[in-house]
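Reader: I am new to this structure. Please walk me through it, step by step.

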Amino acid sequence: MQSNFKHVFKPIRIRGVDFKNRIILAPPSPNLASEDGLVTKDFVNWFRMFARGGVTTLYVGNCSIDITECKDEAYQLNLNNDLGILPMTWYADMCKEYGCHASFEINHNGENTTFEEVGHAPFSSSSFISDSERQRAARLGRDPIPSIEMTQEKIDETVMKYAMAAYRMKQAGMDIVLVHGGHGNLISQFTSPLYNKRTDKYGGSTENRARFAIEVCQKIRELCGENFVIEMRISADEIAEEGMHFDETLEMLGYLKPHIDIAHMSAGLHSDFNYAYLRNWMQNFMMDRGFNVHYARKVKEAHPDLLVTTVGSIVSIEMAEEIIGNGWADFVAMCRPLMADPDMPRKYAQNRPEDRRPCLRCDACTGHLFVPKPIFCAVNPMSFMARDLVEGVVPEARVKKKVAVVGGGPAGITALTTLIDRGHDVTLYEKTGELGGHVIGAAAPPYKIDCQDYLKWLIRQPGKTPAKILMNTEATKALLDKENYDALIIAVGSEPAVPKIKGIDKPHVGWAVDGELGRTPVKGKVVIIGAGVVGLEVAIELKREGKDVEVIELADPQTAMMTLMQGARTAATEFPKILKAEGIPVHYGVSITEIHDDKVTGTEVQGGKAVEFAADTVLYAIGMKPRWDVADSLRHCAPETEVKIVGDAHGVASICEAVNQAFQASLHI
């Protein structure tokens, strides 16, 4: 029986090339190429999970057309050498095993390449000093280095490099290429008035500025032939005031469309303006889903004869089905949602949408890109184990054991499901009457829709297993010893750190999350101590509920923002804007000394000035501390080598660490 998602799974042929559905892996950079830019077996095995899961095309992000001239990642594919063709075939042939298309996003990043990386000034459409170069020069203590305006000879050479990159892909067995023409890379440095100040045939009018992109595509067509698909990634709107805007993009597409088969509509810029427009192509959890779909929709209206891909926080096949079914786009590209669940297409084709593992849009994956580490997912621990679990299957245990899992948060539930997959006899102990742990509080704000979806998915998982679930049951040493377990996973989590302030034990004082969840009464004027993720999220929610809220933070603004970035990652920059819009004051550099019945008092760190704030309710959010005492009381309740402590009980971190630690621990029991 066919699926209920007839539009997403409708095949299409382009230039005689068959695409089995409309789901594309938007291009990630997994940091798994070799140091000299070649495909490796680890690289192939990491992408295997997406091919196996059912997408139609796998793109690899930011593949350099010449790594000696354009490089901005430590382990970036280099397509400027015929020696790379053989390793490319490993990737192409793997994709063919699963009936999908292997492809690369080919790119030259122009002025974004640093002098330090390649030993010379970067090339671009024009000579200028970019915002990002000024910041880099200041950081490195040198003068800013202007880009080199490309001569006609250099343009011709670069056009050929793009074309040869695509030709090598074809030689390796690929039949589609994604040409990166957006996000402030070289092609968009020609198309955009933000960068292009030329007065020759490549500058001035929109048609002239499109010329370089057209020449690249013409040369690719010349070398690769008619049965080769060309998709071009474009920033529909660069957002920056002096950049390319959507009305002009529509005009440019009129010049481009005879030379491309698919327009891949993204938005924003990746580095200039201090990454202010990065959010437009890599949305965080505070932003709308389907963020850029409206651009694709308008492109289809203006150019109905052009095939269009849309991308940007499209988190599920339901969303993709609506987009394709309404004719807003012809393909839907996802990256992070497919990293969270590479099997999503297969699950929907089998009419099992409830089994989709939701993406948090937390950007744990992106955080590894520039370290560099192999990127992996907060909620899909298999992505980190692609080298060891090539087929994506949890190995069956050689010896089946009786295992206890203590704690029903993300670490405990991950441990439970993994242990069951391995064939063990599992009992889970949860002290409270709810599964989910601290995800319950994290999902409480109405705008945390991704976390809410994840919580629903998470708490459904134990019920799909034969594990024994004991709710409202505190696991004590006596209780566990009585059962004589062969192994034990301790996932008892963390508890809120309580500030050492006089009056902290007053009845109108409590943990911020308890106030958010209604466990602590919240009335009147509310003061929140702590401007980290939890404190600010609770402040925003209470303000939107009509409460009068202000926040007090010990650190200075810069230090507080650094801490916020550690917790919220790319979403950190959203908070100041929301706080301003909601009218929530944040007082930095204030040390609270006492909580009174109707106020809090303290001193300013700089200068020691005494301050006070009216307060009917005081909520604190200064961090968490591991439940080490509980963990230590249980760690001898099974053979000690078979006891694992995971998640916050090991060390306070995030869902990412909890899930991945629990999964890996369970593989060794």
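Predicted model: local features only at pLDDT ≥ 70, side-chain atom pairs only at ≥ 80, totals over all residues.

Reader: How many helices and strands does the protein chain have?

Author: Helices (H or I, at least four residues) and strands (E, at least two) are DSSP runs, numbered from the N terminus. By that count, the protein chain has 24 helices and 27 strands.

Reader: Why is the protein chain called as compact as a globular protein of that length?

Author: The radius of gyration is taken over C-alpha atoms, and the globule rule is 2.2 Å times the number of residues to the power 0.38. For 669 residues the rule gives 26 Å, and the protein chain is close to that, so it is as compact as a globular protein of that length; its own value is 27 Å.

Reader: What box do the C-alpha atoms fill?

Author: The box is taken along the principal axes. It is roughly 75 × 65 × 45 Å.

Reader: What share of the residues is buried?

Author: Buried means under 20% relative accessible area, exposed over 50%, and partly exposed in between (1.4 Å probe, protein chains only). Of the 669 residues in the protein chain, the buried share is 60%.

Reader: What share of contacts joins residues at least 24 apart?

Author: A contact means heavy atoms within 4.5 Å. Take the contacts in the protein chain between residues at least 6 apart in sequence. The share joining residues at least 24 apart is 71%.

Reader: Which residues have the most contacts inside the largest nonpolar core?

Author: A nonpolar core is a set of buried Ala, Val, Leu, Ile, Met, Phe, Trp, Tyr and Cys residues joined through side-chain atoms within 4.5 Å. The largest has 113 residues. Those with the most contacts inside it are Leu58, Tyr91, Phe104, Ile106 and Ile220.

Reader: Is histidine 264 buried or exposed?

Author: Histidine 264 lies in strand β10, residues 262-266. Leaving out residues up to four places away in sequence, its contacts include Leu178, Glu231 and Ala333. Its relative accessibility is 0%, so histidine 264 counts as buried.

Reader: How many residues apart along the chain are aspartate 42 and proline 374?

Author: Aspartate 42 is in helix α1, residues 41-53. It is partly exposed, at 23% relative accessible area. Beyond residues up to four places away in sequence, it touches Leu32 and Arg387. The C-alpha atoms of aspartate 42 and proline 374 are separated by 10.0 Å, while along the chain the two are apart by 332 residues.

Reader: What is the phi of asparagine 62?

Author: Most residues other than glycine have a negative phi. Asparagine 62 lies in strand β4, residues 57-64, and counts as buried at 10% relative accessibility. It is not a glycine, although its phi is positive, at about 55 degrees.

Reader: Where is arginine 15 found?

Author: Arginine 15 is a residue other than glycine with a positive phi, near 55 degrees. It is partly exposed, with a relative accessible area of 31%. Arginine 15 is found in the loop between β1 (12-14) and β2 (17-19).

Reader: Which residues does glutamine 664 touch?

Author: Glutamine 664 is in helix α24, residues 655-666. It is partly exposed, with a relative accessible area of 25%. From methionine 160 it is 504 residues apart in sequence and 46 Å apart in space, C-alpha to C-alpha. Not counting residues up to four places away in sequence, glutamine 664 touches Phe384 and Met385.

Methods. Residues numbered from 1 in each chain as written. Heavy atoms only, no water.
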